[in-house]
Structures are given as C-alpha cells and as structure tokens.
Amino acid sequence: MLDPLLLARIQFAATTVFHFFFVPITIGMVFLIAIFESIYVKTGDEHYKRITKFFGHLFLINFAVGVVTGILQEFQFGMNWSEYSSFVGDVFGPSLAIEALLAFYLESTFIGIWIFSWDKINKKLHAMCIWLVSIGTIMSAFWILSANSFMQHPVGVKYVDNEIIGKKAEMIDFFAIVKNPYLWNQFPHILATSLTVGGFVIAGIAAWKIVRGHEVSIFRKAFKVSIVGALIGSSALLVTGHSQAQYLVREYPMKIAAAEAMYEDSGNVAAFSVLAKIDQKQQKTEEIIEIPGMLSFLAYNKFEGSLKGMHTLQKEMDEKYYPIIGKHLNYIPNVHVMYYTFRIMGASGGLLFLMALLGTIFSFRKNEIKKRWFLKIMPWMLLIAEIATACGWIMAEMGRQPFIIFGVMPTESGVSSNSGAAVLFSLAVFCILYTVLGIAQYVLFRHMMKKKETTVREVA
C-alpha cells in the first residue's frame with residue numbers, strides 16, 4: 001500500500017534539494033560577478049569585462065533554471081501540504097510576499113537592465129545594477145529562511161480557532177519572526193555556503209579552461225579572485241557551522257544526539273564518533289572510531305562537558321509536548337540519515353576549505369598556478385560543495401521530525417488528503433521534469449565552456 005505521507009515527504013525533499021542546488025550558486029556567483037565588474041570599472045582592465053560577461057551568461061542560465069524549480073517547489077504547499085498551509089498561511093504569507101514582491105522583483109528588474117545596457121549607460125551605474133541583483137538574491141534567501149525558521153522555532157504567533165479550518169496560527173508580532181534566533185544562526189551559514197559554492201563554480205570552470213589552454217591569462221585572473229572568495233566562504237562556513245552546532249546543543253539537543261547516534265547520556269568527556277555501527281531497532285550504537293573529548297569541544301569549546309542521549313531526551317520531550325499534542329510520539333529521528341549526513345557535510349566542508357587554501361597559495365605564487373593535477377580536480381569540487389549543502393538541508397529538516405512545525409504541529413497532521421497513487425504520479429512527473437532541467441543546464445554550461453575564445457560579442 002502506498003503511504004501518501006511518506007511519498008509527500010519524499011516529494012518535498014526531492015524538490016527542495018534539487019532547487020537548493022541552484023540557490024547558493026546564484027547567490028555566490030552573482031556576488032563574485034559584481035566584484036569582477038567592479039574591478040573592471042576601477043582598473044579599466046578589459047579582461048575583467050570579458051570575465052564578467054562570460055560568467056554572467058552562465059549565471060543567467062542557472063538563475064533561469066532556479067526560478068523554474070522554485071516555482072514548482074511552491075506548488076508543494078497546495079498539492080501535498082494543504083492542511084499545513086491552512087494552519088500557517090497567515091504566518092508564511094508576509095515572508096513569501098516580501099520575497100516575491102521585493103527581493104525577486106529587485107533581482108529580475110536589474111538583471112534585465114544589466115543584460116541590455118552594456119556600453120549604453122555609465123560603467124559605474126551598470127556595475128550598480130549587478131550589485132542590486134546580488135543584494136536581491138541575499139534578501140530573497142533571508143525571507144525564505146525566515147519562513148523556514150518559523151517551522152524550526154515558531155515565534156510571534158497565537159493559535160486561534162477558525163470556524164472553517166479549525167485551529168490555525170495567527171501572526172501577532174512580525175518582528176519576532178524577523179528576529180527569530182534560529183534565523184540568525186542559519187542565515188550567516190547560508191551566506192557562507194553560497195560564497196563557497198559560487199567561488200568553486202567559477203574557480204572550477206576557470207581551471208577547466210586553463211587546462212585546455214583557453215585564454216589562460218584571462219581565466220587565471222578569474223581563478224585567483226574566485227578561489228579567494230571560496231577560501232573566505234569556506235572559512236566562514238566552518239565558523240558559522242560550529243556556532244550553529246552549539247546553538248542546536250542548547251535548543252535542539254535531539255538533533256545533535258541523533259547526529260552522533262548517541263542513545264545514552266555521554267560521560268563528562270564526550271567523544272566524537274567518526275565511525276559507528278548503528279542498530280536502530282535495538283537502539284544501540286557500537287563505536288568503531290571516536291575522538292575523545294571532541295564532541296564536548298564542539299558543544300562547549302572545552303574538552304569536557306556531558307550531553308544527553310536520545311533515551312533521556314525522548315522522555316523529556318514526551319513530557320513536554322504530550323499536553324500540547326495530546327498523544328505520545330516518537331521524537332527520535334532517523335538516526336542513520338542524521339549520522340551520515342552530518343559526517344558527509346562536515347568532511348566535505350573541511351575538504352572545501354583545504355582545497356580553497358591550497359588553490360589560494362598556488363595562485364599567488366610568483367609563477368602563478370601551474371599545477372595541472374590540482375586544476376583537473378577543481379571542477380569536481382562543485383559536486384562536493386553541492387553534496388555538502390544537500391546533506392546540511394537533509395539533516396536540518398530530518399532533525400525536526402516528527403514535527404512539521406516544531407513542538408506545535410506533527411508532520412502527519414499537515415499532509416493533504418491525497419491518495420498514494422496521486423502523490424506517486426506527481427513525484428514521478430517532477431523527477432522527470434527536474435532531470436530534464438538538470439540535463440539542459442549541463443548541456444548549456446558545457447556549450448559555453450567549450451568555446452575557445454570568450455569574445456565580448458559572444459557573451460553580450
């Protein structure tokens with residue numbers, strides 16, 4: 001029998017993860033493109049103009065595909081999560097409206113001006129257009145995250161009875177949603193992620209062009225700027241990730257306990273599990289490799305301090321939320337998913353930092369970067385960056401289970417009354433459509449990258 005709840009969750013996960021492939025590329029790429037054009041305006045170096053136009057073309061392809069996937073994702077709320085949408089519509093509405101009417105309109109308007117006004121308006125004014133696009137992408141991320149943060153940490157609302165739809169959330173403090181502490185722990189991490197991903201996209205493409213001898217002098221400059229951006233982004237990624245983990249230890253300890261597959265309370269010196277054998281049925285974990293004291297350091301910045309295990313947290317959460325929910329729930333998320341996504345995310349983040357550091361060192365040597373083995377690896381780092389971002393989202397959302405709105409609304413209460421067959425059909429359609437879009441973007445990127453000469457006319 002097809003479970004509509006499970007299929008609806010799979011579909012939302014698929015659409016969200018696929019859409020988020022394009023979001024950090026968009027935010028990070030346009031920021032670096034704005035830097036390229038600013039260098040051109042400041043120095044008059046035509047190389048940076050050609051770099052701006054070349055990567056601007058790739059950015060537009062990514063932006064277009066990202067818009068399509070974003071629109072399809074929003075359909076999920078009405079298709080599969082109508083009960084949730086009815087309950088939380090008054091809270092989500094303002095954030096999504098501001099994102100569309102302010103941030104997205106800012107992006108799309110000034111993208112159009114930027115594309116069609118090359119050599120027609122003042123250079124500084126033209127550069128200002130791409131900076132406004134960059135600001136628009138950042139604002140868009142902020143307002144979408146404000147909506148997501150409410151799901152993780154609901155604030156600024158009261159719950160009222162409605163004659164038609166029953167109980168619903170009603171906003172009473174818009175600024176509480178804007179000041180949501182979960183948002184301000186998540187937002188800097190997303191910006192760091194975006195700069196890292198955008199930097200590796202441009203650096204990877206530039207490395208690919210250098211290896212093939214395509215306008216090496218131009219793409220060396222593109223590589224140098226973008227790899228520094230990736231280094232700054234990946235450094236910030238490690239710092240904000242550490243800060244976010246400590247916030248989760250304080251506010252959402254079950255997420256951390258599940259990410260460590262820690263069923264029992266730790267000792268005063270909590271070890272970090274590198275590799276473990278997990279038995280979810282028996283609720284036991286057998287450590288294979290661990291680092292003594294490291295989990296305590298990650299949680300408290302010192303090599304001592306205990307953390308609660310999932311068994312203890314299950315009892316505490318059941319006592320806390322049973323009066324609200326009215327039934328007993330299993331508050332332990334999928335431990336295998338949480339454990340491995342956390343490690344893939346962390347290992348990928350560390351690898352990105354090391355590659356960015358190595359690339360920066362190579363690119364600022366006297367003879368500039370000539371390490372062909374390194375240049376051949378660089379295009380693959382985009383895949384590592386995308387895997388890291390996907391794992392980060394999966395961990396964040398899976399760790400919220402069994403709630404769709406933490407502490408307020410169980411996930412099973414938010415799903416639409418669709419049949420399993422209907423959800424399966426729409427899931428198949430979306431997967432086919434996203435596969436086509438992904439192939440289209442790859443083909444278009446590949447076509448642009450294969451051009452041996454990046455003339456101004458070709459990318460205008």
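At 17% relative accessibility, Glu-215 counts as buried, and in this predicted model its side chain forms a salt bridge with Arg-50, the closest N and O atoms being 2.5 Å apart. Because Glu-215 lies in the loop between helix 6 and helix 7 (216–251) while Arg-50 belongs to helix 2 (residues 46–79), the pair ties together parts that are 165 residues apart in sequence.

**Salt bridges**

- A search of the whole structure finds nine salt bridges, among them the pair of Glu-215 and Arg-50 described above.
- Lys-158 forms a salt bridge with Glu-170, and here the closest N and O atoms are 3.7 Å apart. Lys-158 lies in strand 1 (residues 157–162) and Glu-170 in strand 2 (residues 166–171), so this pair ties together parts that are 12 residues apart in sequence.
- Lys-158 is partly exposed, with a relative accessible area of 39%, and Glu-170 is partly exposed as well, with a relative accessible area of 30%.
- The side chains of Lys-327 and Glu-412 meet in a salt bridge, with a distance of 2.4 Å from N to O. This pair links distant parts of the chain, since Lys-327 is in the loop between helix 10 (310–325) and helix 11 and Glu-412 is in helix 14 (residues 411–414), 85 residues apart.
- Lys-327 is partly exposed at a relative accessible area of 34%, and Glu-412 is partly exposed at 44%.

**Aromatic rings and charges over rings**

- With ring centres required to lie within 6.5 Å of each other, the count comes to 40 aromatic pairs. In the pair of Trp-373 and Phe-374, the ring centres are 5.8 Å apart and the planes stand at 85°, so the arrangement is edge-to-face, given that planes over 60 degrees apart count as such.
- One aromatic cluster is formed by Tyr-182, Tyr-247, Tyr-252, Tyr-321, Tyr-331, Phe-403 and Phe-406.
- Tyr-252, a member of that cluster, also has the charged end of Lys-255 over its ring, 5.5 Å from the ring centre.
- The charged end of Lys-123 likewise sits over a ring, that of Tyr-40, at 5.0 Å from its centre.

**Nonpolar surface patch**

- Val-274, Leu-275, Ile-288, Ile-289, Ile-291, Tyr-340, Ile-344, Trp-380, Leu-383 and Ile-387 form a nonpolar patch on the surface, and together they have about 890 Å² of accessible area. The elements that give two or more residues to this patch are strand 3 (272–279), strand 4 (284–291), helix 11 (335–363) and helix 13 (381–398).
- Strand 4 gives the most to the nonpolar patch, with three residues.
- Ile-344, one of the patch residues, has its place in helix 11 and counts as partly exposed at 39% relative accessibility.

- Ser-194 is found in helix 6 (residues 181–211), where Ser-194 is buried, with a relative accessible area of 1%.
- When residues up to four places away in sequence are not counted, Ser-194 touches Pro-24, Ile-27 and Gly-28.

Notes: Residues numbered from 1 in each chain as written. Predicted model: local features only at pLDDT ≥ 70, side-chain atom pairs only at ≥ 80, totals over all residues. Heavy atoms only, no water. Phe/Tyr/Trp six-rings, centres within 6.5 Å; stacked < 30°, edge-to-face > 60°. Lys NZ or Arg CZ within 6 Å of the ring centre and 35° of its normal. Patch = residues over 30% accessible without salt bridge, like charges linked within 9 Å, V, L, I, M, F, W, Y side chains within 5 Å. Areas by Shrake-Rupley, 256 points an atom, 1.4 Å probe, with all protein chains shown as cover. Salt bridge = Lys/Arg side-chain N within 4 Å of Asp/Glu carboxyl O. Helix = DSSP H or I, 4+ residues; strand = E, 2+ residues; numbered from the N terminus. Buried < 20%, exposed > 50% of the residue type's maximum accessible area, 1.4 Å probe, protein only. Contact = heavy atoms within 4.5 Å.
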